Amino acid sequence: MKKAIITGANSFIGRRLCRKLAANDYYVYAIVRKNFSHKEIFDGINSITLIELDMAEYGMLKDRITEKCDLGVLLAWNGTRGVLRDNVHLQHENYNNSILEAENMIALGCETIVTAGSQAEYGINKSLEKITEKTECKPNTEYGKAKLKLYQELDRFCENRKVRLIEPRYFSLYGPDDSEKTMIISMIRNMLSNRSCDLTECIQQWDFMYIDDAVDLLFELIETKDASGAFNFGSGVSKPLKEYVYEMYRLTRSSSKLHFGAVPYPVTGMVHTNPSIEKLKQYVKDIHVRSFAEGIQAVIKEQREVMHER
């Protein structure tokens, strides 16, 4: 049985990746923050050990895990939303702690390291051209700069130690139990409550990818021995954001008023999310990505249940 270490195991991606790996003959060491109180999200996973460590304590990984591991996945990161994305000190701290955890994972024998990359590494995309992994990275937030610096440093570090590095660069993931601060969840809640929705003009091109599809594709990359480097993760289909809004509106059967243009675009201008996934297709031959209509119905069902419970 292979063994994996996942930091940020309770995250949106992490909890699903734990299940995916455990269902495919991996024993998982799931690293969660101290005093983590929702251990029930791991119920039903037999081949798993939870270890409570804060990010600053990742130097203790090799003391808490006493056997050789095969895979290390770095998902823990502080300050991923709002003003904290531009907190220089916090993002630098994330970088330092991530380097430390990667070093510990490699010391434990991990031959594959996986990071959690981001579209923020590319910076602002005002062009309708698809972003490829060869597009020049010009991050404009401290979050994006720290993520890119981590990837570049680990690329050198892993190459010198003959360790494989995979970085999925996530664009816009969505799915059940996502943060209520995301556009998808907040819009669905408004629509289910028939509250007015204030939006930008929503004419920017966007690409949404369902979370379970992203985890399945990441697992395929992990199992594909010659796959390495950065990979854009998107559905491969982009269209004006307004079309997604209308799809949610239709499926929620809402009577909300949709106020397009009520929210101005930022001073930096309108941004497109339009990734190319051609590199991903080279390594994963049978890519299944569900339609937005199919994925969003699962989110609507979950949000109906959450709102009913309240």
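Figure 1. Pro275 is buried, with a relative accessible area of 1%; here buried means under 20% relative accessible area, exposed means over 50%, and partly exposed lies in between, for a 1.4 Å probe and protein chains only. The model is predicted: local features need pLDDT of at least 70 and side-chain atom pairs count only at pLDDT 80 or more, while totals for chains, interfaces and linings use all residues. Residues are numbered from 1 along each chain as its sequence is written, and side-chain values use heavy atoms, with hydrogens and water left out. Pro275 belongs to the loop between strand 14 and helix 8, where helices (H or I, at least four residues) and strands (E, at least two) are DSSP runs numbered from the N terminus. Its contacts, meaning heavy atoms within 4.5 Å, include Phe171, Asp207 and Gly234, not counting residues up to four places away in sequence. Pro275 and Ile99 are 176 residues apart in sequence, and their C-alpha atoms are 27 Å apart in space. Ser276, in the loop between strand 14 (258-260) and helix 8 (278-283), is buried with a relative accessible area of 9%. The side chain of Ser276 reaches the backbone nitrogen of Glu278 at 3.4 Å; a polar contact is a pair of N or O atoms within 3.5 Å, where within protein one must be able to donate a hydrogen and the other to accept it, and residues adjacent in sequence count only if both atoms are side-chain atoms. Leaving aside residues up to four places away in sequence, Ser276 touches Lys130, Ile131, Thr132, Glu133 and Asn232.

**Figure 2. The second largest pocket.** This pocket has a volume of about 170 Å³. A pocket is an open set of points on a 1 Å grid over the protein atoms alone, where a 1.4 Å probe fits, with protein on both sides within 12 Å along at least five of seven lines; lining residues have an atom within 4 Å of a point. Grid points are joined across faces, edges and corners, and the volume is the space filled by probe spheres set on the points. The lining includes Tyr122, Asn125, Glu129, Lys130, Ile131 and Lys138. By class, the lining has three nonpolar, four polar and four charged residues; Ala, Val, Leu, Ile, Met, Phe, Trp, Tyr, Cys and Pro count as nonpolar, Asp, Glu, Lys and Arg as charged, and the others, Gly among them, as polar.

**Figure 3. Salt bridge between Asp177 and Arg16.** A salt bridge is a side-chain nitrogen of Lys or Arg within 4 Å of a carboxyl oxygen of Asp or Glu, and by this rule the count comes to 20 salt bridges. In the one between Asp177 and Arg16, the closest N and O atoms are 3.1 Å apart. Asp177 lies in the loop between strand 8 (172-174) and helix 5 (183-192) and Arg16 in helix 1 (residues 14-22), so the pair ties together parts that are 161 residues apart in sequence. Asp177 is partly exposed at 32% relative accessible area, whereas Arg16 is buried at 14%.

Figure 4. Among the buried residues are Ile184, Met187, Arg189 and Leu192. Arg189, with a relative accessible area of 15%, forms a salt bridge with Glu180, the closest N and O atoms being 3.0 Å apart. Glu180 is partly exposed at 46% relative accessibility. After helix 5 comes Asn194, whose phi is positive, near 60°.

**Figure 5. Glu153 and Arg156 in helix 4.** The side chains of Glu153 and Arg156 meet in a salt bridge of 2.9 Å, N to O. The two residues are three residues apart in helix 4 (residues 142-160), and are therefore separated by about one helical turn. Both Glu153, at 26% relative accessibility, and Arg156, at 48%, count as partly exposed.

Figure 6. Cys202 has a positive phi of about 60° although it is not a glycine. Cys202 is placed in the loop between strand 9 (197-199) and strand 10 (205-206) and is buried, at 1% relative accessibility. Arg253, in the loop between helix 7 (241-252) and strand 14, has a positive phi near 55° and is exposed at 72% relative accessibility.
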